[in-house]
Amino acid sequence: MTSTAPARPLHGPILALDTSAGACSVALWQNGATLAQESTPLVHGHAEALAPMVERVMRAAGVPFETIAAVAVTVGPGSFTGLRVGLAFARGLGLAVGCPVLGATTTAVLARMAESTPARPGRSPETPTAVVLDARRAEVFLHILSVHDNQGQDGPVSGPVSLPPEAVAAHLPPGPGRLTGDGVALLPQPLPAGWIVAENAGRTPDPAVLAAQVAAAPKQALPPRPLYVRAPDATLPPPNARAQA
């Protein structure tokens, strides 16, 4: 099966895709180097943008599709439509190429990106990072992770959950800690004691970081299935309403 993760680190090219947030992003990565990458801000239209972007990235890198060692994809939380587009494309490409399709949470990628924020007094290698994403409908997704080992893996502390921004503070452990994600701007001020906002907290997931994560420990990668924290925003009308229409 193409979704089965290899037991050893991956050394061939990894094509990484992210359509979970407000962008469509693709990177081709190998052995610590980004061979080619493209990203464009996008709220809608991922289905139309993704395939041509992948084609351009592969062409820019000069790498044939049949040499891809794995396809990496974010599984959520994030946009319902965006996640479905990215996952469907990743699974289809994995089948066509005959390579594994490896997932990682959107929040794990963002937590890893937040590591560049300078340490503060009292911070340890296991200091938690709280990823807060704008979930619309006056809610945010909250996932608290501990980024601390050498294998690209991020241990969950709690979550992910969907809740109002004003409820986030009550779910955070005592500081110190980092906050990142586009939902941080929605949090009431002041922030809980010891918690700081990571630099460029509103960034969308970097597919090169995603590729590095799954390459370091492919056996720990997630299956390419969507992580839905709450029910879809769009729902079918009740049966009686459809009958009366």
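Buried means under 20% relative accessible area, exposed over 50%, and partly exposed in between, using a 1.4 Å probe and protein chains only. With that in hand, let's start the tour.

This is a predicted model, in which local features need pLDDT of at least 70, side-chain atom pairs count only at pLDDT 80 or more, and totals for chains, interfaces and linings use all residues. Residues are numbered from 1 along each chain as its sequence is written, and side-chain values use heavy atoms, leaving out hydrogens and water.

First, select Y228: at 34% relative accessibility, this residue counts as partly exposed. Together they form the one aromatic pair in the structure (ring centres of Phe, Tyr or the six-membered ring of Trp within 6.5 Å; planes under 30 degrees apart are stacked, over 60 edge-to-face, the rest tilted). Their ring centres lie 4.9 Å apart with planes at 40°, so this pair is tilted. F80 sits in helix α2 (residues 80-97) and Y228 in the loop between α5 and α6 (239-244), so the pair ties together parts 148 residues apart in sequence.

Next, select I14, W29, A72, L102, V131, L210 and V214, which touch the most other members of the 25-residue largest nonpolar core (buried Ala, Val, Leu, Ile, Met, Phe, Trp, Tyr and Cys joined through side-chain atoms within 4.5 Å). Which element gives the most to this core? Colour α5, which supplies six residues.

Now centre on V214. Beyond its neighbours within four places in sequence, V214 is in contact (heavy atoms within 4.5 Å) with L10, I14, A72, L102, G103 and A221.

Last stop: a separate core of 24 residues, including L17, A36, L87 and C99.

Methods:
Helix = DSSP H or I, 4+ residues; strand = E, 2+ residues; numbered from the N terminus.
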